[in-house]
Structures are given as C-alpha cells and as structure tokens.
Amino acid sequence: MPGTTYFQDEEFVCKCGCGKVYVHPKLLNLLENARKIYGKPIVIESGYRCFKHNTEVGGVPGSAHLTGEAADLRCPFGPDRFALLTIFFALAVKRIGIARNYIHVDVSETLPQDQVWFYAEA
Ligand SMILES: [Zn+2]
C-alpha cells in the first residue's frame, strides 16, 4: 500500500485462506492517523472478509468488512480501549462496535451513522 507507515496489506487479508484483500483508502487513512496518535502497535484481528468468510464468522450480510471499510482491532484491556475509543471519537468515526477483546471501526457512509454497538459474545 503506497504511502502507508504502519500497516501492511497482509494484516488485512481475509482469514479464510482465500488470500483476498482490499483496504479502503479511507479506512487506511483513519488507522494510520489513529496509530500515530496512539503511539503503540495496533493488531488487526479482522480486516477484509470475502462473502464466504463473513458468513462463517457470523458477520452481518452487509458488513463493512466485505467492502474493506472495516477493521476489528485487538483490544482486551480497559485502558487501551479507553485510549482507542477517545482517539476514534476525536477522529469523527461514525460507527464503532465494542467486543470483549476488540474494537470494530468502520468508515462506511451507507450503513447507519453515529452508532456504537456491542456484540453478543462480548
Ligand atoms: Zn476469504
């Protein structure tokens, strides 16, 4: 990915083994900015998902992971969660999901905006 500092394509590759990857420029830009402010590594638990994998992991049918507009960021600890959420709100992220061990952020402009949700497993 040209112009990136912190993230590589490989970190966003679909986890099913299909090898597909797409990272929307808007998502990449957001994560680069967040990473810069955060000052510590951010681990991508789930980036791009093909349709098959999204179904397998119980992703919603229109998930922003399918369009490369979403990432789940590993974040099992309260202080890190607080820091990352503070950063993402400051960067005007409109869609945030909170799970026990990760934070979902996405930059979709077609899915409902100004949303924070939780996951059933969380
Ligand atoms: Zn796949």
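**Salt bridges in a predicted model**

A word on the basis. This is a predicted model, where local features need pLDDT of at least 70, side-chain atom pairs count only at pLDDT 80 or more, and totals for chains, interfaces and linings use all residues. Residues are numbered from 1 along each chain as its sequence is written, and side-chain values use heavy atoms, with hydrogens and water left out.

Glu45 has a salt-bridge partner, Arg74, with the closest N and O atoms 2.5 Å apart. A salt bridge here is a side-chain nitrogen of Lys or Arg within 4 Å of a carboxyl oxygen of Asp or Glu. Arg74 lies in strand β2 (residues 70-74) and Glu45 in strand β1, so the pair ties together parts 29 residues apart in sequence. Helices (H or I, at least four residues) and strands (E, at least two) are DSSP runs, numbered from the N terminus. Arg74 is also partly exposed, at 45%.

How many salt bridges are there in the whole structure? The search finds seven.

Another one joins Lys40 and Asp80, at 2.9 Å from N to O. Lys40 sits in the loop between α1 (25-38) and β1 (44-46), and Asp80 in helix α3 (residues 78-90), 40 residues apart. Lys40 is partly exposed at 37%, whereas Asp80 is buried at 17%.

Then there is Lys94 with Asp114, at 4.0 Å from N to O. Asp114 is exposed, at 62%.

Note on methods
Buried < 20%, exposed > 50% of the residue type's maximum accessible area, 1.4 Å probe, protein only.
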